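The structure is shown first, and the points follow by topic.

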Amino acid sequence: MTTPYILAQIVNGIILGSMYALVAIGFSMIYGIVRLINFAHGDILAIGAFASLAGVAIFSLPFPLAILAVLAVGAAIGVFIERIAFRPMRGAPQVTGFIASLAVAIIIENLGILTVSAQPRTFRVPHYLNDLVNIGMQSIRVIDIAIVILAVCLMAFLALFVRFSKIGIAMRATAENYDVARLMGINIDRMIMTAFAVGSGLAATAGLMWGSKYGQISPLMGLVPGLKAFVAAVIGGVGSITGAMLGGYVLGLAEVLFVGLLPSEYSGYRNAFVFGALILILLLMPNGLLGRNLEERA
Amino acid sequence: MDQRASYRAFILVSLLGAGFVFLGTQSLDDYGRSIIEFVGINIILAVSLNITNGLVGLFSLGHPAFMAIGGYTSAILLIPANRKALLLPDLPHWLASQEWTFLPALIAGGGAAVLAALIIGFPVLRLRGHYLAVATLGFIFIVQSLAVNLSGITRGALGLSGLPALTTLWWVYGWLLFTLVVCWRLKHSSLGRTMLAIRENELAASCLGVKVTHTRIFAFALGAFFAGVSGGLWAHLVTLISPSSFTFLLAFQLVVMIVVGGSGSIIGTMLAAAILTIATEMLRPVEESLDLFGASQILTALCVLLVLIFRPRGLFGTAEPDLLRWSGLLFGRHWTRSGSKNRRKEVS
């Protein structure tokens, strides 16, 4: 096991972590405000991937512009789902929302199968993104660098937005204390909508990245990455946006290193490793790395 | 109603059921029989999942994982030794020489599922609400990847095929009856009330001396036992078991049955399971002819959303409907209606 090999694994872990982080942010934001684990969040990833495919192939958008389009589509879908599925059952027990999100996930996946078929499709990126760049001892594809840079930019922008903008402050207040925030005249519905819009937009962008990194997309592609991003959100502490970013990178690195550094006969246990980690973390540190004790989980 | 009348009622209902089963074996073709068998298995699954999800209020999605464990266990025990040598040459010797009959193998499958439930239950059942749901969902993926990778025992992604088709209507009916009796007795016993107490207010229950963790693990393990047995029934009905046999989709369908039927209501869950299974089966040819694969799942999911929005307690809540009252067939005292009044409170 040589140093370049390990370095390459670390680079892969960071790329995977960037995507997990983007999806995990949505989980955390939505949970922070409505206390809902949105199981359908992973499927936004698939929608994002197909939206970008459609944008590039049908409307022949230039790739950078496709990113904006995907953000917008993701946000719109997030808001739509919130409006029709989750708003009517606000105030119901938490599990109700979770079951509803399962139902939404099933609907999205099957609509996907109905419209674009379950057959995986190839996802091509413009050739200039496939070139190799040499950095130190590593040669890395341009797209991989672009993924990491885009993810970091989006996250930095989000952090500033949540920290300083008026809506961001209102969102934090809502997450802190729903009822008091409402008494202070914050429009809760708008805050929830914003959380869904931002979270889903980021998840859709992660879908675009997933497609361009692995070159294949299908309507069911979002299920497992979505669940793993949830694990990332738990690692970081559900409800904390910085925690979700951190958790994404921790999980991405841990997963890739697990597969890369252990003998290859263990690599099939990749998913078992991630979900085993979830169970362990929920037990040992239920508030994650950066989360606060919002309520009893264990 | 006194004890004797309830026994009489039970015997009457089970004889009636046996009559229908006899009619079914005589008049139905293979396809029709297999549908009824699936209905029975799904009822066993949904009713037993309802112990954890409905009575104790633990939201578990782990049933498919227990089915897989039970299914593989019973399949491995049942495959004749000479065939096992061909299919699974790497099996340890003591396991390779086993040739069990159906009933002990099914029970062993249930036992294996209970064992798994105990191992996973001690850590996981400390979690609540949707955290438990996600953890048990993770458990499905863990079991799945074990089934794919432990190819010495499970033959990996290929799965075990050509299993003997041992599951008949009578087997399903017998286990269904057993499940119903156990669940009904449980719900109307003091233990069942303890479970409801935990569901309604855990703190108050534990203050009154209820052993919360014990009761939860018991309920979880009991549900797992029936899931394991149904896994065995399922495998020997389909004559194939593979890592993709039992997925999260199945967990969702079971949850749908409970949500629609009313969490905690045995008869409600039974009805919902039967209707959903038959409806899915009826829609399948329509789906195929119109080339609309997945449409029935969309419909089911939409139904669930509507039920959650407009009738969040399901059709019957925790109560058992009066369907059987007309002939005084109720098994025990009539279940109090208090369950439907005390809406499940949860601080959000």
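Lys187(B) lies in helix H9 (residues 169–187) of chain B, where helices (H or I, at least four residues) and strands (E, at least two) are DSSP runs numbered from the N terminus. This is a predicted model, in which local features need pLDDT of at least 70 and side-chain atom pairs count only at pLDDT 80 or more, while totals for chains, interfaces and linings use all residues. Residues are numbered from 1 along each chain as its sequence is written, and chains are lettered from A and ligands numbered from 1 in the order in which they are written.

**Buried residues of chain B**

- Lys187(B) counts as buried because 23 C-beta neighbours lie inside 10 Å; a residue is buried if 20 or more other C-beta atoms lie within 10 Å of its own, exposed if 12 or fewer, and partly exposed in between, with C-beta atoms placed from the backbone.
- Leaving aside neighbours within four places in sequence, Lys187(B) is in contact with Leu55(B), Gly192(B) and Ile266(B); two residues are in contact if their C-beta atoms, placed from the backbone, lie within 7 Å.
- Lys187(B) and Gly264(B) are 77 residues apart along the chain, and their C-alpha atoms are separated by 8.5 Å.
- Phe38(B) belongs to helix H2 (residues 30–56) of chain B and is buried, with 20 other C-beta atoms within 10 Å.
- The C-alpha atom of Phe38(B) is separated by 9.7 Å from that of Glu281(B), a residue 243 residues apart from Phe38(B) along the chain.

- Helix H2 (residues 41–57) of chain A has 17 residues and reaches 25 Å from its first C-alpha to its last, close to the 24 Å expected at 1.5 Å a residue; the expected span is 1.5 Å times one less than the number of residues.
- H2(A) is mostly covered, as 15 of its 17 residues are buried.
- H2(A) packs with helix H4 (residues 94–116) of chain A at an angle of about 30°, the axes being 9 Å apart; axes are lines fitted to C-alpha atoms, for helices over the stretch in contact, and angles run from 0 to 180 degrees between N-to-C directions.
- H2(A) and H4(A) are therefore roughly parallel to each other; angles under 35 degrees count as roughly parallel, over 145 as roughly antiparallel, 65 to 115 as roughly perpendicular and the rest as oblique.
- The crossing of H2(A) with H4(A) is left-handed; a crossing is left-handed if the near helix is turned anticlockwise from the far one by less than a right angle, and right-handed if clockwise.
- From H2(A), Asp43(A), Ala46(A), Ile47(A) and Phe50(A) meet Ala105(A), Ile108(A), Glu109(A), Gly112(A) and Val116(A) in H4(A).
- By class, this contact of H2(A) with H4(A) has six nonpolar, one polar and two charged residues; Ala, Val, Leu, Ile, Met, Phe, Trp, Tyr, Cys and Pro count as nonpolar, Asp, Glu, Lys and Arg as charged, and the others, Gly among them, as polar.

**Other helix pairs**

- Helix H5 (residues 142–164) and helix H6 (residues 166–176) of chain A pack at an angle of about 75°, with axes 5 Å apart, which makes H5(A) roughly perpendicular to H6(A).
- Phe161(A), Val162(A), Arg163(A) and Phe164(A) of H5(A) meet Gly168(A), Met171(A) and Arg172(A) of H6(A), and the residues of this contact divide into four nonpolar, one polar and two charged.
- In chain B, the axes of helix H3 (residues 63–78) and H6(B) come within 8 Å and cross at roughly 140°, and the crossing of H3(B) with H6(B) is right-handed.
- The contact of H3(B) with H6(B) includes Phe66(B) and Ile69(B) of H3(B) and Phe102(B) and Ala105(B) of H6(B); by class, the contact has 12 nonpolar, six polar and no charged residues.

**Contact between the chains**

- Chain B has 39 residues in contact with 37 residues of chain A.
- At least two residues of this side of chain B come from each of helix H6 (102–124), helix H7 (129–149), helix H13 (248–261) and helix H15 (295–310) of chain B.
- H7(B) gives the most to the side of chain B that touches chain A, with 14 residues.
- The residues of that side of chain B divide into 27 nonpolar, eight polar and four charged.

**Positive phi values**

- Most residues other than glycine have a negative phi.
- Arg35(A), not a glycine, has a positive phi of about 55°; Arg35(A) lies in the loop between helix H1 (3–34) and H2 of chain A and is partly exposed, with 19 other C-beta atoms within 10 Å.
- Thr239(B) also has a positive phi, near 60°; Thr239(B) is found in the loop between helix H12 (212–238) and strand S2 (240–241) of chain B and counts as partly exposed, with 15 C-beta neighbours inside 10 Å.
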